[in-house]
Structure formats: C-alpha cells, structure tokens
Amino acid sequence: MSGTQPSDPSRAAASFLDRLTGSFLENVGGRRVGGPLDELAKRRFLFLTGKGGVGKTTVSAALGLALAARGKRVLIVMPHTKERLSAVLGTKPIGPDVAQVADGLWAVNVEPERALAEYGHMVIKVRAVSNAVFGNEYIKSFLRAVPGLYEWSMLGKAWFHTTEVDEDGRNQYDVVIFDAPATGHGLDMLRVPKVILDVAPPGVLRRDAERAVALFRDPTKSGILVVTLPEEMPVTETIELVHAIEKDLGMPVLRVVVNGVMAPLFTDAERASLLAHPELLTLEAATRAEHDRDAAAVAGARRALRETVQRDSLRRLLHSLDEPAIVLPHLFDEASTKEGSQALAAVLGAPEIAGR
Ligand SMILES: Nc1ncnc2c1ncn2[C@@H]1O[C@H](COP(=O)(O)OP(=O)(O)OP(=O)(O)O)[C@@H](O)[C@H]1O
Ligand SMILES: [Mg+2]
C-alpha cells in the first residue's frame with residue numbers, strides 16, 4: 001500500500017478502511033459490516049477459489065496469518081502447485097511434508113502419488129504390502145486413469161487433516177485452508193467426492209468421501225471463498241461462479257473476497273471532469289505526456305477511469321449476490337511479502353470492514 005508503514009500493518013489497515021467509508025460505500029451500495037474473522041474462525045475447512053492470478057494464494061496467506069493471530073492452528077493445503085506461498089511468507093519452499101511457516105500456521109504442497117500411497121497405507125496398514133501395491137508401476141498407471149482419484153488424493157488429504165487429533169485429543173489443525181487451482185479445476189475438485197459416492201463400492205474410500213461431502217456441505221463447518229478483482233470480466237465470472245457453486249454443488253459460498261481495491265483519490269465530480277476529456281486516455285496522450293507537463297492530467301484521467309470501473313463492478317457484484325463481500329486493498333509494492341500479507345491480515349482482522 002502506498003505510503004504505509006510495513007512495520008505497522010494495523011495502522012495501514014485502519015487507514016485503508018477509513019478511506020473506504022462515506023461516499024465510496026454509498027456509491028457501490030455497500031456499508032460497513034462486522035469484520036469477517038469471527039465467522040471464518042468458526043469453520044474447520046475453507047476452500048479458496050477464483051480465476052488464475054486474482055490473489056488466491058496471497059489471500060490464503062493473509063487469512064492464515066489472521067486466523068493464527070486469533071490463536072487458531074491453521075494449515076494451508078496446496079494441490080500440487082508451483083507454489084508461491086513460501087515466497088509470500090518468506091520461508092523455505094513448501095513440499096509434500098507439512099511444515100510450519102509462521103506462528104500457528106503450517107503449509108503443505110500435496111504430491112498426488114505420494115498422498116495416494118499414504119492413503120493406501122492407512123487403509124492397508126501393512127507397510128510392506130502397501131509399498132508393493134503403490135510402488136508398482138502398473139498399478140500407478142492404473143490409478144492415474146481412475147477418474148477423480150488424483151483430485152481426491154489432494155482434497156481428501158486436506159479433509160483428512162481436519163480429522164487429525166493430537167495426543168491430548170485436540171484438533172491438530174483448527175482450520176484447514178485449501179488454496180484451490182484456478183476456477184475450472186477448483187470446482188472439478190469439489191465435484192470429486194460426489195463422483196466417488198456415485199461409483200465407489202462400499203468401503204473405506206466411500207466412507208471417507210461421505211464424511212468429506214458431509215463436512216463440505218455443512219455451512220457451519222465449511223465455506224467457499226471466491227476471490228476476485230474489482231474489474232468488469234472478473235466480476236461477471238464471479239457472479240456466474242457463485243451461482244454455479246450454489247446450484248451444482250450444494251456447497252455454501254461464505255464470502256466473496258474482492259482483492260486489489262484502491263481507496264479512491266477522487267470524488268465523483270472530480271472523476272467526471274477528468275473523464276470528460278477522453279483524449280487524455282489515448283495511448284498517444286500517454287506517450288506524449290512522458291515529455292510534457294500534461295503527465296499529471298493523463299495519470300489522473302487513468303486513475304479516474306480505474307476508479308470508475310472499480311466502482312461499477314463492485315456495485316454490480318454487491319447487487320447480484322446474497323453473500324457479503326470482503327474488500328482487500330491493492331498493495332503497491334509489497335503484495336508478495338510477509339509485510340504485505342500482514343497488512344491484508346490486519347484488514348481481515350479489523351472489527352469492521354467494507355461489505356454489503
Ligand atoms: N492485494 C494485492 N495488491 C497488489 N498485488 C497483489 C494483491 N494480491 C495479489 N497480488 C499480486 O497478484 C499476483 C497474483 O497473486 P497470487 O499468486 O496470490 O494469485 P493466485 O490467484 O494465487 O494465482 P494462481 O491462479 O496463479 O495460483 C502476484 O504477483 C501478487 O503479488
Ligand atoms: Mg495461487
């Protein structure tokens with residue numbers, strides 16, 4: 001966030017939230033609502049989805065830190081991705097073994113074949129037999145061909161971690177956050193337990209899939225968070241996605257997270273007067289302005305346009321959905337750092353936030 005103190009994320013959060021009050025919220029049909037963290041902290045399983053590059057991993061990191069700061073033990077599960085979480089949190093690369101990445105926060109990047117072998121071992125119980133089965137190339141290629149099994153190996157592992165308890169009988173992890181792959185894939189993954197219920201014979205796999213589906217569909221224990229940006233296309237796709245999740249999957253969408261929101265610099269009247277000069281928005285104007293004193297006017301007009309697009313898309317989003325939205329700031333120079341995640345975590349943890 002421009003001009004903020006990385007060392008003081010809560011001040012940065014407060015200043016962002018202050019700038020989003022008043023006419024900004026009136027303009028988009030929003031209002032201040034209670035901070036979302038109390039609600040989110042009650043859930044055992046949170047599934048973050050959204051289009052590629054909208055900030056799912058960044059938001060997972062922020063949410064993990066915010067929940068951990070509330071005293072929760074949080075695990076972030078990534079499904080076999082080229083993970084960026086370690087870069088965001090400034091830790092060692094995150095692999096297939098669960099590793100602690102901050103106080104109260106753990107992460108794992110699931111490797112499907114290995115997860116499947118671990119699962120097989122839990123079912124078969126005799127290590128020598130499960131090694132022989134899951135180490136066998138023929139069986140490996142057979143398993144790769146079973147529809148849904150690889151997705152289940154990742155989602156099922158995430159679910160399994162919600163069931164783990166420590167030696168005192170406490171939950172090993174209070175909240176498991178699943179940082180899903182970009183939209184299409186993410187939803188395919190959520191369909192898998194149901195597919196297993198339809199095709200698998202009675203047995204351990206079926207029993208676990210049943211338990212996972214029951215958890216994922218329970219709005220008091222699970223929730224889907226759809227991450228998006230305050231722009232035209234992402235908002236249109238998000239509205240469609242939220243409806244598809246509710247209709248096709250019967251799973252609760254808890255919140256939409258609008259990431260990368262800029263606190264407006266201009267009033268409506270100022271925006272209107274800047275946008276009354278469309279010539280300022282041409283490519284030519286931008287090139288020319290590098291050399292003359294119109295640069296400020298060109299920059300102002302571009303910013304005004306962006307603020308207008310943001311206002312219109314937020315307004316449309318809030319009108320189209322029943323779920324409240326969480327608004328997170330655009331960070332200018334520290335998004336992929338621990339300080340940036342902490343600044344976003346502070347917004348999530350604020351007692352009030354812009355919503356609906
Ligand atoms: N609030 C923000 N302000 C500024 N930049 C951001 C913000 N959130 C994310 N970014 C930047 O956007 C890019 C994509 O973020 P991120 O990797 O979290 O998205 P993603 O949805 O997980 O992507 P993918 O679909 O590839 O997994 C990164 O460069 C990140 O630093
Ligand atoms: Mg990601």
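Visitor: How many bridges join strand β8 to β9, and do they run parallel or antiparallel?
Guide: In this predicted model, strand β8 (residues 253-261) and β9 are joined by four bridges and run parallel.

Visitor: Which residue stands opposite Val 327 in β9?
Guide: That is Val 258.

Visitor: Is β9 enclosed or open, and why?
Guide: Strand β9 (residues 325-329) is largely enclosed by the rest of the structure, because five of its five residues are buried.

Visitor: Which way do the β9 residues point?
Guide: Ala 325, Val 327 and Pro 329 point one way, while Ile 326 and Leu 328 point the other way. All of them are buried.

Visitor: Why the two sets?
Guide: Side chains in a regular strand alternate between the two faces of the sheet.

Visitor: Switching to β3. How many of its residues are buried?
Guide: Six of the six residues in strand β3 (residues 74-79) are buried, and the strand is mostly covered.

Visitor: Which ones point which way there?
Guide: Val 74, Ile 76 and Met 78 go one way from β3. Leu 75, Val 77 and Pro 79 go the other way, and all are buried.

Visitor: What about β5, how many bridges join it to β3?
Guide: Six bridges join β3 to strand β5 (residues 105-110), and the two run parallel. Within that pairing, Val 77 has Val 108 of β5 as its bridge partner.

Visitor: And β6, in which sense does it pair with β3?
Guide: Strand β6 (residues 175-179) pairs with β3 in the parallel sense, over four bridges.

Visitor: What stands opposite Ile 76 in β6?
Guide: Ile 177 does.

Key:
Residues numbered from 1 in each chain as written. Chains lettered and ligands numbered in written order. Predicted model: local features only at pLDDT ≥ 70, side-chain atom pairs only at ≥ 80, totals over all residues. Buried ≥ 20, exposed ≤ 12 C-beta atoms within 10 Å, placed from the backbone. Pairing = 2+ DSSP bridges.
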